[in-house]
Structures are given as structure tokens and as C-alpha cells.
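Dear colleague,

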Amino acid sequence: MKHLQHFKIPLLQYRNKFGSLEEKKADLLTIREYYTGILIVNDSIELIAYADGLHIGQEDIRAYSEDLVEGVSLIRQKIGRKLLGLSTHNKEEILEANNLDLDYIGLGAYRASNTKSEAHVGGNALIEAASHSTHPVGMIGGVTLEDDFEEPIRYKVIGSGLYREL
């Protein structure tokens with residue numbers, strides 16, 4: 001974990017699709033020992049007490065309600081004013097997200113990556129789609145440290161791009 005100190009990381013999202021709630025809780029507590037920035041938990045609303053916010057996907061929000069405004073309202077009842085982010089993949093989902101009480105959106109996948117083999121890759125078309133967002137946009141999916149985005153992209157979300165073969 002000490003390698004986190006080498007990067008300026010204002011926001012860190014913890015994503016573990018397969019661990020138990022206890023494993024995820026232990027991981028979040030360990031991260032907190034080394035990281036003092038904003039910590040977002042992916043999907044696991046049950047762990048919101050250990051994080052500064054929640055990030056959900058399109059399927060996850062619809063598990064609360066097919067009416068997305070109602071779904072976000074139900075989520076907000078559980079997380080309060082902690083940060084809430086939503087994954088988006090195209091202009092249509094961005095336009096839907098504009099009507100929601102969100103703090104940011106993730107937009108992607110920008111390019112193929114090892115961690116999201118099922119992702120639809122949007123490439124540069126996503127940059128145009130991002131111009132329709134009323135929320136801050138983070139580019140996700142296959143983004144590397146070397147990628148440089150201009151407005152309206154405010155954040156680049158880097159996952160597997162942090163690890164390189166030696």
C-alpha cells in the first residue's frame with residue numbers, strides 16, 4: 001500500500017466484485033491506514049459507513065427502481081450527502097443522469113482493458129458525449145497515466161493502468 005504515497009490521488013475507488021462484505025470491510029479499513037483522501041466504495045452500499053461515497057453502475061441503480069430518480073432517492077436515503085457517482089456509457093445515459101441527484105459520472109470504457117473485458121469501448125466518441133453532462137465527468141476504462149483529456153473531462157480514472165510489467 002505504501003506505493004499510494006507516490007501518486008497524487010485525490011479520490012480512490014475501491015472495487016471488489018467477488019469478496020465477501022467482511023473482506024471488503026477489512027480492505028477498506030486497511031486502505032484508510034495508508035490513504036487520507038476521498039474513498040469511494042463500488043456497489044456495496046452496506047459499507048458506506050467506511051467510505052466517503054458510493055459508485056454504482058447502470059444495473060445497480062435499476063435494482064432500486066426502474067425510475068432512476070426514485071432509485072437515486074432511495075440510495076440517498078441510505079448514504080445521505082456522501083458522494084454518489086454513476087457509470088455511463090453513451091450520450092443517452094448521460095442525458096438520463098443529468099436529471100439525477102449525482103455528484104459525478106464515470107464515462108467509458110475509453111479503451112479495452114484487462115479488468116473489464118465485457119466493456120463496450122467508446123474511444124474519442126465519448127469525449128463528444130461528455131459535453132452533454134451537467135455533472136463532472138471522469139473518463140473510465142483503459143485510461144492510462146499518459147492520457148490527457150480536456151474539458152469537459154475533469155478526471156481520468158486509472159485502474160489497471162497503474163500497474164506495469166517490470
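A residue is called buried under 20% relative accessible area, exposed over 50%, and partly exposed in between (1.4 Å probe, protein chains only). The model is predicted: local features need pLDDT of at least 70, side-chain atom pairs count only at pLDDT 80 or more, and totals for chains, interfaces and linings use all residues. Residues are numbered from 1 along each chain as its sequence is written, and side-chain values use heavy atoms, with hydrogens and water left out.

By that criterion, Leu68, Gly71, Val72, Ile75, Arg76 and Ile79 are the buried residues of helix H3. Viewed down the axis of H3, they fall within an arc of 135° (taken from the directions from the helix axis to the C-beta atoms), so they line one face of the helix. Their packing partners (contact: heavy atoms within 4.5 Å) are strand S3 (53-56), helix H2 (58-64), strand S4 (83-88) and helix H4 (91-97). Helices (H or I, at least four residues) and strands (E, at least two) are DSSP runs, numbered from the N terminus.

After H3 comes Gly80, with a positive phi near 65°.

Turning to the strands, S1 (residues 11-14) has Leu12 and Tyr14 on its covered face and Leu11 and Gln13 on the uncovered one. S1 runs parallel to S2 (residues 38-42), joined by four bridges (strands pair if DSSP finds at least two). In S2, Leu39 stands opposite Leu12.

Yours sincerely
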